[in-house]
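Morning, everyone. Let's walk through one structure together. Please look at the screen.

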Amino acid sequence: YEMSNSWPIEALKAQAIAARTYAVRCRNPYSYFDLYDTENSQVYRGYDPSKKNAIQAVNETYGMVLKYDNSFASTYYSSSNGGRIESSGNLWGEYLPYLIVQDDPFDVSNPANPNATWIVEYSKLSVEPAFQARIKARMQSYLESMGYSGNEGDINILQIKELSFDPPNDSGRMEKGRLVVVADVKSKAGDTIHTMEYTISLTKTNIRNILNLKSLLFTVEETENSYILQGGGYGHGVGMSQFGAHFMALQG
C-alpha cells in the first residue's frame with residue numbers, strides 16, 4: 001500500500017525492492033516483532049489477490065535487495081520530494097554517500113503529482129481555529145506552571161506576531177525558526193485576564209506538525225496581513241520519491 005497497484009510495473013518493482021530491503025534491515029531478534037504495518041514503518045494491509053501488478057512486481061524482484069558495503073542499504077522513500085532530494089545526514093544525522101542532496105526533475109515534472117507545489121497562508125490577526133488548537137496544546141503546561149489556567153477555553157490567541165526562520169539547509173529545507181503569538185490567558189481562578197507573548201522554538205522535528213505542512217521544503221513571504229508559505233513535496237524527501245519513480249517509469 002506504499003504505491004498504487006495501478007502504477008507502471010517498473011515503479012512498482014523499484015518500490016518492492018526498497019520495501020523488501022527496508023523490511024530486512026528492520027529485523028530485530030530482541031523484539032517480539034520487527035515492523036509496524038503503518039507509516040511508523042511501512043504501510044501493509046495484508047495480501048490482496050486483486051493487486052495483480054503489485055504481486056507481479058514482488059514476484060519479478062524475488063530475493064532482490066539493495067546493499068552497500070555488504071550491508072543492507074537504507075532504502076528510504078517518501079511520496080514527493082518537491083524536486084530536491086534531502087540527505088539522510090540533514091534529517092537524521094546519519095550521513096550516507098547514497099542518500100545525498102540532489103535535484104529530482106522527475107518529481108516536479110510529473111503531472112500526476114498533487115504535491116509538487118503547495119501554498120499555506122496564515123493570517124496574522126485572524127488565527128484559524130485548527131492552528132490555535134495546535135498552539136494551545138503547547139502552551140498548556142507552561143501556563144499552568146506560571147499560575148494561569150491551562151484549559152483550552154481559557155486561552156485566546158489574538159495574533160501571530162512573528163513567524164521567522166533561519167536560512168535553510170543545502171537542500172532548501174527549513175530546520176530552525178521562531179513562532180511568536182500574542183494571547184489572552186486567564187488566571188486559575190478565572191477572575192483576571194492577562195495578555196502575554198508566547199514563543200515556540202521551531203525545529204525540523206516540529207515545524208510540519210505545528211504549521212500543518214507537507215514538507216520542510218518551503219519559503220516564507222511576509223505581507224502586511226499574513227505569512228505565505230510556498231513549498232513542494234510531501235514527506236521527509238530522503239531517498240526515492242514515489243512520484244518521481246512513477247514518472248521515470250512512464251518515461252521508460
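Start with a pairing. Strand 6 (residues 118–123) and strand 11 run antiparallel, paired over six bridges. Strands here are DSSP runs of E with at least two residues, helices are runs of H or I with at least four, and both are numbered from the N terminus. Two strands pair if DSSP finds at least two bridges between them.

A word on the source. This is a predicted model, where local features need pLDDT of at least 70, side-chain atom pairs count only at pLDDT 80 or more, and totals for chains, interfaces and linings use all residues. Residues are numbered from 1 along each chain as its sequence is written, and side-chain values use heavy atoms, leaving out hydrogens and water.

Back to strand 11. Which residue of strand 11 is the bridge partner of E121? I228. I228 also stands opposite E221. Strand 10 (residues 218–222) is antiparallel to strand 11, joined by five bridges. Strand 10 and strand 11 make a hairpin, with three residues between them.

Is strand 11 enclosed or open? Five of the six residues of strand 11 (residues 226–231) are buried, so the rest of the structure largely encloses this strand. Buried means under 20% relative accessible area, with exposed over 50% and partly exposed in between (1.4 Å probe, protein chains only).

One general point on strands. In a regular strand, side chains alternate between the two faces of the sheet.

To recap: strand 11 pairs with strand 6 over six bridges, and five bridges join strand 11 to strand 10.
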